[in-house]
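Here are a few friendly notes to read alongside the model. Take them in order, with the structure open beside you.

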Amino acid sequence: MPAISMSPNEVSDYIAQAGRDAWIVPDVPAGTPRRTIRKVGVIGAGTMGGGISMNFASVGIPVVILEQKQEALDRGLGVVRANYQRSADNGRFPQEEVGERMARLTGTLDMSAFADCDLIIEAVFEDMDLKKRIFADLDRIAKPGAILATNTSALNIDEIAAATKRPEDVIGLHFFSPANVMKLLEIVRADHTSKEVVATSMDLARTINKVAVLVGVCPGFVGNRILFARQAQAQRLVNKGAMPWDVDAALNAFGFRMGPYQMSDLAGLDIGWKKGAKTANPIRDALCELDRRGQKTGAGYYDYDENRRPIPSPVAAKIIAEITGVAAGAAPSADEIIADCIHPMINEGLKILEEKKALRASDIDVVWLNGYGWPADKGGPMLYGDMVGAEAVLATMDRLGKEDARFAPSATLRRLAKDGGRFTEVQPG
């Protein structure tokens, strides 16, 4: 299919309709019974757990937050209070509401405090064995009919659900960080998740002012699975002579506020890394060994001044040259970087639809617009596919697929290039 041109009004109309459609789950009838959510339990008082808890306390739902140690619990509740205080100081709500919202939060070191909760959300480290142990414990403690949710961003929820005797009550509620700010909530339906639990979770997303998208279980679900494809290509570009700031600059020009390396430095390079570890990303490992772990240590891929302004780093450039064996200066053009990073995202979106892990193509766009800062003028990965045309995307994927079979063109992409049709009209399966 050739590229199509769209006016700003047509793009914004598409985005608005996509947002409305995302709430519709075709196989869950409107009359499906809902479960009442009067009290919520959250496991973990860290960045994610605290942010998740704020969503419920802010709309009047009491929350019990579990931690292993009192010090961690006090620290987490202190961060929540500071966040609320900052919002009140900025005029977002009256000062007295800080105390009212905090009064809805109860800290505990004992999981049995969840016995009367209607929904329990696990927000701990991404470790499958740990999550399975937690869900086995919840299975014993939670009352019948309680919804058991995991905030995992990539792990297999069917495997987590199998640790319980009630897999029909288990669902993924993937909040995005900071969870009290980001609009997107990926609701992940596992093999045995009941329609009641899906309907209740969708309604609850509205209650806490989130944009909900129902997705299926696969590594990374919809959002992170597509992000992983972009990250792999960004890494390939650096291995071939591009500098991190070349890649980021191209994606900034495309319309992303942060490129992949700016984002890595913000999140922290040591996520999933321990001292002495050798991972699939030796550049990251080498930076971490030098205590260049991102903005929090004042250096990562970039150097940072006192205002946290990123400055291309000669130290990082030297490490990259040593590890890749490629001299800097052989960077591809901005257009090549955009094609190599963005076209694989479109192709991955088609694979997600082929596997029926999204309900509709526009849901993929809703995820990326609301969770990952996709530029609104480009409508989301699938609409952007229509804007550039299937032939252009196929040419990129044919080239990248020859280097790495993971990036071979999807069958749907080949069909669109041959027979025509729009990315946004591709049906699941």
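This is a predicted model: local features need pLDDT of at least 70, side-chain atom pairs count only at pLDDT 80 or more; totals for chains, interfaces and linings use all residues.

1. Start inside, with the largest nonpolar core, which holds 92 residues. The members that touch the most others are Phe-114, Val-247, Ile-342, Trp-368, Trp-374 and Phe-423. Such a core is a set of buried Ala, Val, Leu, Ile, Met, Phe, Trp, Tyr and Cys residues joined through side-chain atoms within 4.5 Å, and buried means under 20% relative accessible area with a 1.4 Å probe, protein chains only. Helix 13 (residues 334-354) gives this core its largest share, nine residues. Helices here are DSSP runs of H or I, at least four residues, and strands are runs of E, at least two, numbered from the N terminus.

2. Residues are numbered from 1 along each chain as its sequence is written, and side-chain values use heavy atoms, without hydrogens and water.

3. Next, look at helix 11 (residues 282-289), where Ile-283, Arg-284, Asp-285, Leu-287 and Cys-288 are buried. Their cover includes helix 8 (223-239) and helix 12 (314-324).

4. Finally, the whole chain: it contains 17 helices and 10 strands. Buried residues are 53% of its 429 residues. Its C-alpha trace spans about 60 × 50 × 45 Å along the principal axes.

Terms used: Buried means under 20% relative accessible area, exposed over 50%, partly exposed in between (1.4 Å probe, protein chains only). Contact means heavy atoms within 4.5 Å.
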